[in-house]
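User: I would like to learn how to read a structural model feature by feature. Could you walk me through one?

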Amino acid sequence: MSSTAGPRNVMPEAVQIFLTHMDIEKGSSKATLCSYEKDLIQFEEFLSTRSHSLSNLVEISVDHVRGFLAKLHGRKLAKSTLSRKLSTLRSFFKYMTRHRFITNDPMAGIRNPKQEIRQPRSLNVDQAVSLLDSKCGVEPEDKRDQAIAELLYGSGLRVSEAIFLGIYDVDTSSGLVRVTGKGNKERLSPLSDTAREAIDSYLAVREELGPALEETALFVGNRGGRINRRQVNRILARMAEEAGLQGGVHPHMLRHSFASHMLQSGADMRSVQELLGHENLTTTQRYTHLNLQHIMNVYDKAHPLSESGSLSRKSDGSDE
């Protein structure tokens, strides 16, 4: 006979044990733990409608998992969200099986939904130039904002990589920046000429933002501490608005734009992979769809049977 699930506000002991394991032994982040907890509570609530509970693990079968998955499908959730929830259940039941709370894993045979291949959204060259040209103020904040944008687009950095740069990581004389990427892996990235100029201009007024003597962060906020991701998002949003760009601009869009424009200019895939700090080439290959578009644009503008035109970096037709 099945057991009736307890009140929804009571977390089953098995869930508490798992979360404690992930927190103390695995050192999972607070965000990851909250995500695990939310997913498991949602599964518990589903089980309660079937008169079951994670308090009685031996009664949970693969059919319960499939029923939960079907319900999530009915809510039109993104496949990435479904995969995350299944990953949570997979980790949970794997732990329970390994520690002999159960002998049969109800996740056996359950596969994640096939993910849609989402093409990265990026700016075209005209839009990128307009964004970078939108910031021309003389205040320290203006020079900092310009340097951040130039660095994100000119070197293809992740926003996390940019905000964690130290003042000694950037060498504008050699045109290189030392970047610490995912997995604490270091790489050297080149600086564009405009990025070098923007960073030098910002460093000349950095002290006016009031950083403490011991503050080594390259980019600091208005209170003198290391700038954060939210502040960078706001900076780019303001720049996009000033440039008249619709749909908003976020830091990763500049990274996508960097990769796309490099490939469009003829850079080889391996070089772009190294510049982006991608572990796998398949990650970089997401950008290659833009090559065909670029080739077709060149064809339309240059082929004798097409309307003539010229490729340009700026909307006025110049190539400066």
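**Starting from one proline**

Analyst: Let's begin with Pro251, which is buried, with a relative accessible area of 4% (buried means under 20% relative accessible area, exposed over 50% and partly exposed in between, using a 1.4 Å probe and protein chains only). This is a predicted model, in which local features need pLDDT of at least 70 and side-chain atom pairs count only at pLDDT 80 or more, while totals for chains, interfaces and linings use all residues. Residues are numbered from 1 along each chain as its sequence is written, and side-chain values use heavy atoms, leaving out hydrogens and water.

User: Where is Pro251 placed, and which residues does it touch?

Analyst: Pro251 lies in helix α10 (helices are DSSP runs of H or I with at least four residues, strands are E runs of at least two, and both are numbered from the N terminus). Leaving aside residues up to four places away in sequence, Pro251 touches Leu152, Val159, Val232, Asn233 and Leu236 (contact means heavy atoms within 4.5 Å). The C-alpha atoms of Pro251 and Ala149 are separated by 8.2 Å, although these residues are 102 apart along the chain.

User: How do I read the packing of two helices?

Analyst: Two packed helices are described by the angle between their axes and the distance between the axes. Here the axes of α6 and α10 come within 7 Å and cross at roughly 40° (axes are lines fitted to C-alpha atoms, for helices over the stretch in contact, and angles run from 0 to 180 degrees between N-to-C directions). That makes α6 oblique to α10 (under 35 degrees counts as roughly parallel, over 145 as roughly antiparallel, 65 to 115 as roughly perpendicular and the rest as oblique). On the α6 side are Ala149, Leu152, Tyr153, Gly154 and Ser155, which meet Pro251, Leu254, Arg255, Ser257, Phe258 and His261 of α10. The residues of this contact divide into six nonpolar, four polar and one charged (Ala, Val, Leu, Ile, Met, Phe, Trp, Tyr, Cys and Pro count as nonpolar, Asp, Glu, Lys and Arg as charged, and the others, Gly among them, as polar).

User: How do α10 and α11 cross?

Analyst: Their axes come within 10 Å and cross at roughly 160°, so α10 and α11 are roughly antiparallel to each other. The contact is made by Arg255, Phe258, Ala259, Met262 and Leu263 of α10 with Met269, Val272, Leu275 and Leu276 of α11. By class, that contact has eight nonpolar, no polar and one charged residues.

User: What should I look for in a nonpolar core?

Analyst: In soluble globular proteins, nonpolar side chains tend to be buried together. In this model the largest nonpolar core has 37 residues, and Leu131, Leu152, Phe219, Val232, Val249 and Leu254 have the most contacts inside it (such a core is a set of buried Ala, Val, Leu, Ile, Met, Phe, Trp, Tyr and Cys residues joined through side-chain atoms within 4.5 Å). Its largest share, six residues, comes from α6. A second, separate core of 28 residues includes Leu47, Leu57, Leu72 and Leu89.
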